[in-house]
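Have a go at each task before you read its solution.

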Amino acid sequence: MHIWAVANQKGGVGKTTTVVTLAGLLADQGHDVLLLDLDPHGSLTSYFGYDPDALEHSAYDLFEQETRTLDQVLPLLQSSSHDRISLIPASTAMATLERKSVGAEGMGLMIAKALAQLWDRFDYVLIDSPPVLGVLMVNALAACERLIVPVQTEFLAIKGLERMVRTLTMINRARSQKLRYHILPTFFDRRTQASMQSLRSIKRNYPDEIAHAVIPVDTKFRNASTAGVVPSALDSSTHGVRAYGMLLRWLQTLDKQSGSDGQQRS
Ligand SMILES: Nc1ncnc2c1ncn2[C@@H]1O[C@H](COP(=O)(O)OP(=O)(O)OP(=O)(O)O)[C@@H](O)[C@H]1O
Ligand SMILES: [Mg+2]
């Protein structure tokens with residue numbers, strides 16, 4: 001089982017879109033995918049038609065006690081518009097978790113431990129995380145083996161990226177196994193100076209971290225979200241979906257090269 005997280009301390013950069021689009025492409029490859037929504041705003045949860053204000057059970061439950069058995073985790077799984085994609089939804093109440101200290105005993109590893117229960121049920125877990133560095137994001141970072149950091153290709157985005165990279169450097173100092181992160185340029189529009197310049201600047205400043213794919217502006221993403229289906233189910237040939245396909249192939253090549261098959265399914 002591979003666990004990938006998508007995070008950036010800046011909002012509206014394409015995190016949730018990255019999660020749903022990769023999930024659709026992985027499912028199209030025949031993989032069983034779990035989506036975990038750790039953002040209390042619950043946009044991933046709403047995407048598939050659930051109301052984060054009205055859910056009785058959600059990812060919140062995973063934080064209530066330190067160890068969760070498989071029998072306690074399984075009832076949290078919800079279906080999505082795609083039969084190979086399951087969802088652990090977010091609830092608005094999860095915002096209260098941010099008040100708890102990351103330093104509290106075991107608090108940063110709640111998600112890693114809960115997901116360990118599911119290792120033979122899914123091929124991939126994709127985690128959507130909130131744009132706040134708190135307990136929820138720390139849990140996402142601790143649980144994943146790869147992190148994707150979407151960055152909007154516009155002038156101000158670079159500042160936000162510097163902040164995120166500082167956070168990751170700090171977190172990596174405390175980890176024995178370094179978290180591999182990949183910066184993903186999003187909302188790219190080659191006709192604008194802002195896009196071209198910020199892409200150049202990301203390439204120059206983060207040559208080793210930049211992903212080998214650039215996600216263009218594509219209005220079809222919004223259509224897919226309105227329809228509540230993964231973008232590739234609506235139209236697999238759009239520029240946006242093809243760019244995410246390139247990202248996915250590149251990530252899977254990296255996994256092969258590093259000999260990481262995730263945890264093997266039985
Ligand atoms: N490449 C793209 N081209 C055009 N529109 C996009 C693209 N990526 C995302 N969008 C749209 O932009 C909006 C914000 O994207 P998204 O929700 O994925 O960002 P986010 O980083 O998850 O935001 P938040 O921080 O609020 O959770 C959505 O309406 C989405 O459909
Ligand atoms: Mg989001």
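A polar contact is a pair of N or O atoms within 3.5 Å; within protein, one must be able to donate a hydrogen and the other to accept it, and residues adjacent in sequence count only if both atoms are side-chain atoms. This is a predicted model, where local features need pLDDT of at least 70, side-chain atom pairs count only at pLDDT 80 or more, and totals for chains, interfaces and linings use all residues. Residues are numbered from 1 along each chain as its sequence is written, chains are lettered from A and ligands numbered from 1 in the order in which they are written, and side-chain values use heavy atoms, with hydrogens and water left out.

**Exercise 1. Find the polar contacts of ligand 1 with K15, D218 and R222**.

Step 1: Start at R222, where a side-chain N or O atom is 3.3 Å from an oxygen atom of ligand 1.

Step 2: Go to K15: a polar atom of its side chain lies 2.9 Å from an oxygen atom of the ligand.

Step 3: At D218 look at the backbone instead, as a polar atom there is 2.8 Å from a nitrogen atom of ligand 1.

Step 4: Now check the cover. On its own, ligand 1 exposes 630 Å², and the protein buries 80% of that (accessible areas by the Shrake-Rupley method with a 1.4 Å probe).

**Exercise 2. Describe the shell around ligand 1**.

Step 1: Count the residues near the ligand (a heavy atom within 4 Å of it). There are 17, and the closest are K15, T16, T17, P216 and D218.

Step 2: Sort them by class: seven are nonpolar, six polar and four charged. Gly counts as polar here.

Step 3: Look for helices (DSSP runs of H or I, at least four residues). Both α1 and α8 give two or more residues to the shell, and α1 has the largest share, with three.
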